[in-house]
Amino acid sequence: MSEAIALEAPVWVDSKNAIEKAVHEFEDQPALAIDTESNSLFAYQERVCLIQISTPTNDYLIDPLAIEDVSILGPIFANPHQEKIFHASEYDIICLKRDFRFSFSNLFDTQIAARILGYPQFGLGAMLQEKLGVTVDKKYQRANWGLRPISPVMLDYARLDSHYLFDLREILAAELVQQGLLPLAQEDFRLACEAKNHVNGDKSQNCWKVAGSQSLDPQQAAILFELCRYRDEQARKMDLPLFKVLSNELLLSLCLNPPATLLDLKQDHGMGDRMIQRHGRGLLEAVQSGLAQPPLRRGPRVRPDDRLIKRVEALKDWRKNMGKELKVESDIVLPREIMELIAEKNPGNHQELKNLMQQVPWRYDHFADSILNVLKKLEA
C-alpha cells in the first residue's frame, strides 16, 4: 500500500452538494475509471456500499449509504461518448443495475482485455504488479464495506482499485491494437454492458439450489423446503447472509436424519449449545412441518433433444481446441450463450449463422466457416 502515500487524498463524497460537484467534474472527462464495493458477505440483501470513480487527477469515493439519491450518476454511466474503465466489470454492473437501475455504454474492461490477450494471471493485483510495478494489498477485498466510518487504510485500498486503471487501460489497448484484437475486445465490452441484474428477495424458494438436494427423496425435500424457509426468516431478522445463519451441510443433515428432540440436534448433528439455544426449537418445528407436508418433487425436467446435445458438445470441443490454438480460454473464442443459441437454431448457411452472431461480428468473420463445418459434419 506504500504507493498510495504519495497520492493526493481521495475526495470523500457523502452529500447531495458533494455529489453534484463531483458530477460536474466528471462531465468534462473523456474517460472515467470505476469500481464498487459491496457487503455481500455481511448482509441478507447485499447492496453497493461504495462507488469509486477516478479521473486522471483525482479519486472520488462516493458513499451511497449516506446520499439519498445517486441517480445523478446515471447519465454518466449511460453516456456513449464517455468511456468507463472497469476491471472485471460484470459484478459491478450487475450490482449498480440492481440497486440504482443504471444502464451502461462505452466500456473498457481491463480484465476482459487481459483475457483476450491470453494473460494467465488477469486479476487486478497481478496485472498492476506486472504492468506497472504496483503492489496492492488485497486483504480488504472481503471486508465489511457497510460499516461506517470506513478506516483510512480501507479508503486507500478502495481508491487504488480505480486509480491505476487509466495507465493499465492504455497499455492493454496498445497491445490489443498491435495484435489486431481490439475489435474482438470491443465486442465483449458491449456484451459486458448488457450484464443482467438479479433481484434481492425471498431466498427460501431456492431449496433446490442447496448442494446435495438432488439426492433427497421427496419427503426429505419437503423438510429442506421448510428448513430453508426458517433460515430465510432468521437471516432477514439478523440481516445476515444465509450461510452465516445455518450452513447448507447442516440443513441436509437434518433432512437425511430428522431430529425429534433438542438432544438429537446435539448428538446426531453436532450443534453446539449456543446454536441450539438460538435455533433449536425453530429447526425442530421446521422439520415437523416438513414431515407433515406432501412430498415435494422437482418440476419435470425436459431432456434436450439428443441431436441438440451432440451439437453443443461438438461446438464445445471446437471452441476448446480453437482456444488452445489461440492460447486463450474457450469462452473468448465463443461466449457460452451464443454457442448454445447456435446449437439450438442449427443454422444451415452463412446468412442464418450471421443473424445469430449479430452481437459478435468479429467472431463471425473469423470463425463462421469453422462453425458451419462442425455442424455439417454432424448432419452428415
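Predicted model: local features only at pLDDT ≥ 70, side-chain atom pairs only at ≥ 80, totals over all residues.
Residues are numbered from 1 along each chain as its sequence is written, and side-chain values use heavy atoms, with hydrogens and water left out.

The secondary structure of the chain comes to 17 helices and six strands. Helices (H or I, at least four residues) and strands (E, at least two) are DSSP runs, numbered from the N terminus. Taken along the principal axes, the box filled by the C-alpha atoms is roughly 70 × 65 × 35 Å. The chain has 380 residues, of which 46% count as buried; buried means under 20% relative accessible area, exposed over 50%, and partly exposed in between, with a 1.4 Å probe and protein chains only. Among contacts in the chain with a separation of 6 or more, 68% come from residues 24 or more positions apart, where contact means heavy atoms within 4.5 Å.

The six strands form an open sheet of mixed pairing, in the order β1-β4-β3-β2-β5-β6. Two strands pair if DSSP finds at least two bridges between them. The edge strands, each pairing on one side only, are β1 (11-13) and β6 (107-109). On average, neighbouring strands of this sheet are turned by 25° against each other, direction ignored. Helix α3 (residues 89-100) packs on the sheet, where it touches β2 (31-38), β3 (48-54), β5 (83-86) and β6. The direction of α3 makes about 120° with that of β3; such angles run from 0 to 180 degrees between N-to-C directions, and axes are lines fitted to C-alpha atoms, for helices over the stretch in contact.

Strand β4 may be followed through its partners. β1 and β4 pair in the parallel sense over three bridges; W12 has L61 of β4 as its bridge partner, and V13 stands opposite I62. β3 and β4 run antiparallel and are joined by four bridges, with I53 opposite Y60 of β4.

D59 counts as buried because its relative accessibility is 4%. Its side chain makes a polar contact of 2.6 Å with that of S54. A polar contact is a pair of N or O atoms within 3.5 Å; within protein, one must be able to donate a hydrogen and the other to accept it, and residues adjacent in sequence count only if both atoms are side-chain atoms. Leaving aside residues up to four places away in sequence, D59 touches P10, V11, I53, S54, R159 and H163.

Two helix pairs come next. Two packed helices are described by the angle between their axes and the distance between the axes. Helix α11 (residues 262-269) packs against helix α12 (residues 273-292) at an angle of about 120°, with the axes 9 Å apart. α11 and α12 are therefore oblique to each other; angles under 35 degrees count as roughly parallel, over 145 as roughly antiparallel, 65 to 115 as roughly perpendicular and the rest as oblique. The crossing of α11 and α12 is right-handed, a crossing being left-handed if the near helix is turned anticlockwise from the far one by less than a right angle, and right-handed if clockwise. L262, L265 and K266 of α11 meet D273, I276, G280, R281 and L284 of α12. D268 also lies in α11, and it counts as partly exposed because its relative accessibility is 43%.

Helix α13 (residues 306-326) and helix α17 (residues 361-379) pack at about 145°, with their axes 10 Å apart, and their crossing is right-handed.

Most residues other than glycine have a negative phi, and most peptide bonds are trans. A cis peptide bond joins R148 and P149, with omega about 0°. N106, not a glycine, has a positive phi of about 55°; N106 is in the loop between α3 and β6.
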